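Please consult the sequence and coordinates shown below while reading.

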Amino acid sequence: MSTTKPCPICRKPRSAEFAPFCSPRCRDRDLAQWFGDGYAVPGRPAQPEEIAREVLRGEDD
Ligand SMILES: [Zn+2]
């Protein structure tokens, strides 16, 4: 009758403090995976050339 799911990273029993993970290490690992796949996520960060354009526009005023 247990509804407790394991840590999605290492499959160990999860900790209530770090749910749904078992430890801060697994939580950080999940975050790292997010950043690693960041290029596939909609809403990419601005391209460097777009940032440069904004800087030039600011100096022009
Ligand atoms: Zn874990």
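The model is predicted: local features require pLDDT of at least 70, side-chain atom pairs count only at pLDDT 80 or more, and totals for chains, interfaces and linings use all residues. Residues are numbered from 1 along each chain as its sequence is written, and side-chain values use heavy atoms, with hydrogens and water left out.

**Overall composition**

The protein chain has two helices and zero strands; helices (H or I, at least four residues) and strands (E, at least two) are DSSP runs, numbered from the N terminus. Of the 61 residues in the protein chain, 11% are buried. Here buried means under 20% relative accessible area, exposed over 50%, and partly exposed in between, with a 1.4 Å probe and protein chains only. The accessible surface of the protein chain comes to about 5,700 Å², and carbon and sulfur atoms contribute 55% of that surface. These areas come from the Shrake-Rupley method with a 1.4 Å probe; for residues, only the protein chains shown count as cover. Among contacts (heavy atoms within 4.5 Å) with a separation of 6 or more in the protein chain, 0% join residues 24 or more positions apart.

**The zinc site**

Which atoms coordinate the zinc ion? The donors are the SG atoms of C7, C10, C22 and C26, at 2.3 Å. Donors are N, O and S atoms within 2.8 Å of the metal (3.2 Å for Na, K and Ca); water is not among the atoms, so sites may look incomplete. The arrangement is tetrahedral because the four donor atoms subtend angles of 102 to 119° around the zinc ion. Four donors count as tetrahedral if all angles lie between 85 and 135 degrees.

Along the chain, the zinc donors follow the spacing C-x2-C-x11-C-x3-C. C7 and C22 both lie in the segment before α1, so this pair ties together parts that are 15 residues apart in sequence. In the unreviewed UniProt entry, C7, C10, C22 and C26 are listed under "binding site". Although these residues are spread over 20 residues of sequence, they cluster in space, with a largest C-alpha distance of 8.2 Å. UniProt positions are given in the numbering used here, feature names are shortened, and annotations may be inferred rather than shown by experiment.

| Residue | Relative accessible area | Contacts |
|---|---|---|
| C10 | 29%, partly exposed | C22 and C26 |

**Nonpolar core**

C7, I9, F21, C22 and C26 form the largest nonpolar core, which has five residues. A nonpolar core is a set of buried Ala, Val, Leu, Ile, Met, Phe, Trp, Tyr and Cys residues joined through side-chain atoms within 4.5 Å. In soluble globular proteins, nonpolar side chains tend to be buried together.

**Backbone features**

The segment before α1 (24-36) includes P20. The peptide bond from A19 to P20 is cis, with omega near 5°. R11 also lies in the segment before α1. Although not a glycine, R11 has a positive phi of about 70°. Is R11 buried or exposed? R11 counts as exposed because its relative accessibility is 60%.

Conventions: Four donors count as tetrahedral if all angles lie between 85 and 135 degrees; four count as square planar and six as octahedral if opposite donors are over 155 degrees apart and all others between 65 and 115; anything else is irregular.
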